[in-house]
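Please look over the sequence and the structure shown below before reading on. The report that follows takes up the strands, the helices and the nonpolar cores in turn.

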Amino acid sequence: MAELLYQGKTKEMWTTDDPEVLRAVYKDDATALDGLKHDVFQNKGELDAEISSLVFEYLMKHGVKTHFIKRLSKNEQLVKKVKMIDLEVVTRNIAAGSFCKRYGLKEEGKKLDTPVEELFMKSDALHDPLMNESDAIAFHLLTHEEHEQIWEISRQVNQLLTKLFADAGMLLVDFKVEFGTLPNGEVVLADEFSPDNCRLWDVETKDHMDKDVYRRQIGNLIDVYERVLARLKDALAKED
C-alpha cells in the first residue's frame, strides 16, 4: 500500500512499489508570504504538473540530470527518490521582488550584467534566510563539491530556459530550484519548475506571467498559467 512520505504546500510525495521511485501529486493550492497567504484554485495542480513535466523533459533532452521519470496522470509524476538538499537555489537575471527591496531599487526591471546567484535556507519560521557557501557547509546542508555541482547545473538550466522562454515570448526574470542526491551521491535537479517558482514576464508588455499575479493580486492565476502552458507548448513544437 502506498504511504504518504511528505505533505508540502503544493505537493504530496507517495511511495510506490519501487523503493527508489516516488509518486509526486500536485495539489490545487497556492501559497505566498511563507504560507500565510493560501488559496485553492481548481486545475492549478494539473497546470503545474504539465508545465513542470515539459520543462524537465526539455532539460533532460539537453543533458541536465534530474529526478524526473515521467508524467503519470494530469497532476501526477513519477520521480526518482532523492535525499533533498535543504536549500533554495536562486538565479536572478533581472532585478525584481525581494532583490529590489533588499538593495533599495525603486523599480523592477533592471537587467543584471551577470546573473546573481543566491542560496537560501529552507525555513518558513526563519523566513528563508540568505546563506553563503560557508554558511551552508557549516550547517551541514551540503559539501563544497555539492555546492559546485548545484551551481553548474543551475547555470546550465538558466542558459537553456532563458532561450526556451524567450522563444515562447517570455523573459525568465528569476527562478528558484531545488536539488537532491541519488543513492550513489550524484546531485540532480529535483522538485519542480513552474510559474510557482520562477518569474516570467511578457517580452513586449512586461506583464507578469507567474505566481506574482496571485501574490500581488494583479491577475487571474489560472488564466495566466494556461497562457504560459500554451506558449511553452508552441515553443517546444517549433523546436521539434
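This is a predicted model: local features need pLDDT of at least 70, side-chain atom pairs count only at pLDDT 80 or more; totals for chains, interfaces and linings use all residues.

## A helix across a sheet

## Strand 2 and its two hairpins

Within this sheet, strand 2 (residues 11-15) is largely enclosed by the rest of the structure, because four of its five residues are buried. Towards strand 1 (residues 4-7), strand 2 pairs in the antiparallel sense over three bridges, and the two strands form a hairpin with three residues between them. One of the pairs that can be located in the model is Tyr 6, whose bridge partner in strand 2 is Met 13.

Strand 2 and strand 3 (residues 21-26) also run antiparallel, joined by five bridges, and here the hairpin passes through five residues. Lys 11 has Tyr 26 of strand 3 as its bridge partner, while Trp 14 stands opposite Arg 23 in strand 3.

## Strand 12 and its partners

Strand 12 (residues 170-181) is largely enclosed by the rest of the structure, since eleven of its twelve residues are buried. With strand 8 (residues 83-84) it pairs in the antiparallel sense over two bridges, and Lys 83 stands opposite Thr 181 in strand 12. With strand 9 (residues 87-94), strand 12 pairs in the antiparallel sense over four bridges, and in this part of the model Arg 92 stands opposite Asp 174 of strand 12.

Strand 12 and strand 14 (residues 198-202) run antiparallel and are joined by five bridges, with Asp 202 of strand 14 as the bridge partner of Met 170. Strand 13 (residues 187-190) pairs with strand 12 in the antiparallel sense over four bridges, and Val 187 in strand 13 is the bridge partner of Thr 181. The hairpin of strand 12 and strand 13 has five residues between the strands, and in this hairpin Gly 185 takes a positive phi near 90 degrees.

## Helix 4 against helix 6

How do helix 4 and helix 6 cross, and at what angle? The axes of helix 4 (residues 144-167) and helix 6 (residues 221-239) come within 8 Å and cross at roughly 105 degrees. Because angles of 65 to 115 degrees count as roughly perpendicular, helix 4 is described as roughly perpendicular to helix 6. Leu 164, Phe 165 and Asp 167 make the contact on the side of helix 4, and Leu 232, Ala 235 and Leu 236 make it on the side of helix 6. Sorted by class, the contact of helix 4 with helix 6 has five nonpolar residues, no polar residues and one charged residue.

Helix 4 also holds Asn 158, which is buried, with a relative accessible area of 8%. Its neighbours within four places in sequence left aside, Asn 158 is in contact with Thr 91, Asn 93, Pro 115, Leu 172 and Phe 175.

In soluble globular proteins, nonpolar side chains tend to be buried together. The largest nonpolar core in this model has 51 residues, of which Leu 59, Ile 150, Val 157, Leu 161, Phe 165, Phe 179 and Phe 193 touch the most other members. Helix 6 gives the most to this core, with nine residues. Residues up to four places away in sequence not counted, Leu 59 touches Val 64, Val 157, Leu 160, Leu 161 and Leu 189. A second, separate core has six residues, among them Leu 22, Ala 24, Tyr 26 and Ala 49.

## An exposed lysine

Is Lys 101 buried or exposed? Lys 101, which lies in helix 2 (residues 98-103), is exposed, with a relative accessible area of 75%. Between Lys 101 and Glu 148 there are 28 Å in space, C-alpha to C-alpha, and the two are 47 residues apart in sequence.

Notes: Residues are numbered from 1 along each chain as its sequence is written. Side-chain values use heavy atoms; hydrogens and water are left out. Axes are lines fitted to C-alpha atoms, for helices over the stretch in contact, and angles run from 0 to 180 degrees between N-to-C directions. Angles under 35 degrees count as roughly parallel, over 145 as roughly antiparallel, 65 to 115 as roughly perpendicular and the rest as oblique. Contact means heavy atoms within 4.5 Å. Ala, Val, Leu, Ile, Met, Phe, Trp, Tyr, Cys and Pro count as nonpolar, Asp, Glu, Lys and Arg as charged, and the others, Gly among them, as polar. Buried means under 20% relative accessible area, exposed over 50%, partly exposed in between (1.4 Å probe, protein chains only). Two strands pair if DSSP finds at least two bridges between them. A nonpolar core is a set of buried Ala, Val, Leu, Ile, Met, Phe, Trp, Tyr and Cys residues joined through side-chain atoms within 4.5 Å.
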